[in-house]
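Subject: Structure handover and notes

Dear colleague,

I am handing over the structure below, together with notes on what was found in it. Please read the notes with the model open beside them.

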Amino acid sequence: MPSALIFPQGFLWGISTSGYQFEGQNSHSQWTDWEEMGRIKTGERSGLACNWWEHAEKDFDLARQLGVNALRLSVEWSRVEPEPGKWNEEAIHRYRSMLMALRQRGILPMVCLHHFTHPRWFEEQGAFLAPNADALFERFSRYVVSSLGDLCDHWVTFNEPNVYCALAYVFGEHPPGKRGEIRSVVQALTRIAHAHQRAYEVIHSLQPTAQVGWTTNYLVFQPADENSRLDRMIAALHHNCFNMSFARLLSHGSLPFPLNLWRSRNGKVQSCCDFVGVNVYSRVHVKFHLGLASQLFGHLYIPDHVVQGDPGVQTPFGEIHPQAITAAVESLHQPGKPIYILENGVPDRDDRIRPWLIKNAVREVHQLIQRGFDVRGYFHWSLLDNFEWSEGWNLRFGLVSLDPETQERQLRPSAQLYSAIARANGLVEEEEESTLSSIHAES
Ligand code: BGC
């Protein structure tokens, strides 16, 4: 029997992207230097990336053909302000033309102001550890919103402050490549919270009806043994520190234990948002381990038998767990605020898992709406294979495959599936549900 899960009218079937990963030819960012230092594990470079700086419109055509009605992109701060206080008008004009192109195609643009990258000069002065970072971010936000505000009214100030801080100051995977610097995490998170607040106020002063939010990465921390109090306690500790810290900083002005043991010099902040943004990918299992104090006494691992995306160069990507969407919304929703799933996807060159993920993600979101959660959009990461940070081109997240050398694009079966869902405003299924066991059989 065919079954149908139909979504409310106006639901956003979106795509998420970011400037540095898609535009190509970036030369003033801290990531340009990071690439030059040989910090990409595959030795590759972003190069032309998806060549959006020249030809984004071709892919916007593709997005329109697929029936997508929203697209999130980010403005690359280092292009717009390559030197402190010097604005590159050509760059901002290019962004204007991109936003116009989206609107002409009936695609709602959502613009993010900070997606991991910023100008080299900003990094050199300490990025968000510098005392004036929030003022500089406010100045940049004012310029961008004054220049683009007539074309966009959905703004994301920061993409994943939790991942940005963890990869930059704890795991050394993103610039400046520091390890184990919890104090820096606390300083940077609080400075970013101030920067968010200042940008939030500036955007509203320029555009009173704008929708302004930020988006967090949400990871399910699964106790290895549900019956073990210690496993449950340590999983909860990781959940609070990673998933909830920034939201808590904005709502309560303080970080959860044990991050609150490090004092921030940045002063108290309390701020808000007009919507809740969540990026959700995976689940990790947590076992209490007395010897791992530096990892909050948790051994984090991915069991062999679970559904996994393609592996990273040195580490597995993680368990693909569509139910993480439900967990994220249950944890992060706020009274009266719409919710957008702003990223969800899987590195999957051969498209063996992605169709299963998409269908199950759609089911999760539909069920959340049935339960009364105000979820207004699902944005898949991503339209095309793109430059995956320190993994280079190793991990392929596209509905459409991209050969970065030839720039050739090819639709994966997932693209057809996502297109059918977007066009039907829901999931209409003729065949048997795709189950976990069929994934295992295929992989
Ligand atoms: C980031 C994206 C990244 C994606 C896949 C998210 O954490 O916002 O930039 O490509 O995950 O790893």
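To begin with one backbone detail, Gly253 comes directly after helix 11 and has a positive phi, near 75°; helices here are DSSP runs of H or I with at least four residues, strands are runs of E with at least two, and both are numbered from the N terminus. Please bear in mind that this is a predicted model, in which local features need pLDDT of at least 70 and side-chain atom pairs count only at pLDDT 80 or more, while totals for chains, interfaces and linings use all residues. Residues are numbered from 1 along each chain as its sequence is written, and side-chain values use heavy atoms, with hydrogens and water left out.

Helix 11 (residues 245-252) has Ser245, Phe246, Ala247, Leu249 and Leu250 as its buried residues, where buried means under 20% relative accessible area, exposed over 50%, and partly exposed in between, with a 1.4 Å probe and protein chains only. The cover over these buried residues includes helix 8 (161-169), helix 9 (182-206), strand 6 (211-223), helix 10 (229-243) and helix 12 (324-332). Ser251 also belongs to helix 11, but Ser251 is partly exposed, with a relative accessible area of 40%.

Strand 6, named above as part of that cover, contains Asn217, which counts as buried at 12% relative accessibility. Leaving aside residues up to four places away in sequence, Asn217 touches Glu160, Asn162, Val163, Phe242, Asn243, Asn279 and Tyr281, a contact being heavy atoms within 4.5 Å.

Helix packing

Helix 12 packs with helix 13 (residues 354-370) at an angle of about 35°, and their axes are 8 Å apart; the axes are lines fitted to C-alpha atoms, for helices over the stretch in contact, and the angles run from 0 to 180 degrees between N-to-C directions. In this contact, Ile325, Thr326 and Val329 of helix 12 meet Ala361, Glu364, Val365 and Leu368 of helix 13. The residues involved divide into 5 nonpolar, 1 polar and 1 charged, with Ala, Val, Leu, Ile, Met, Phe, Trp, Tyr, Cys and Pro counted as nonpolar, Asp, Glu, Lys and Arg as charged, and the others, Gly among them, as polar.

Helix 3 (residues 52-66) and helix 14 (residues 413-424) also pack, with an angle of about 60° and axes 8 Å apart. That makes helix 3 oblique to helix 14, given that angles under 35 degrees count as roughly parallel, over 145 as roughly antiparallel, 65 to 115 as roughly perpendicular and the rest as oblique. Arg64, Gln65 and Leu66 make the contact from helix 3, and Ala415, Ser419, Ala422 and Arg423 from helix 14, which gives 3 nonpolar, 2 polar and 2 charged residues.

Aromatic rings

A search of the whole structure finds 35 aromatic pairs; rings of Phe, Tyr and Trp (its six-membered ring) pair if their centres lie within 6.5 Å, and planes under 30 degrees apart count as stacked, over 60 as edge-to-face and the rest as tilted. One of these is the edge-to-face pair of Trp77 and Trp121, at 6.1 Å centre to centre and 90° between the planes. Trp77 lies in helix 4 (residues 77-80) and Trp121 in helix 6 (residues 120-124), so the pair ties together parts that are 44 residues apart in sequence. Trp77 is buried at a relative accessible area of 0%, and Trp121 counts as buried at 11%.

Phe128 and Phe158 form another edge-to-face pair, with 5.5 Å between centres and 75° between the planes. Because Phe128 lies in the loop between helix 6 and helix 7 (133-148) and Phe158 in strand 5 (residues 154-159), this pair ties together parts 30 residues apart in sequence; both residues are buried. One aromatic cluster is formed by Trp77, Trp121, Phe122, Phe128, Phe137, Phe140, Phe158 and Tyr164.

Backbone points to check

The peptide bond from Pro175 to Pro176 is cis, with omega near 10°, and Pro176 is found in the loop between helix 8 and helix 9. The bond from Trp381 to Ser382 is also cis, with omega near 5°, Ser382 lying in the loop between strand 11 (375-380) and strand 12 (400-403). Asn51, although not a glycine, has a positive phi of about 60°; Asn51 lies in the loop between helix 2 (30-36) and helix 3 and counts as buried at 8% relative accessibility.

Best regards
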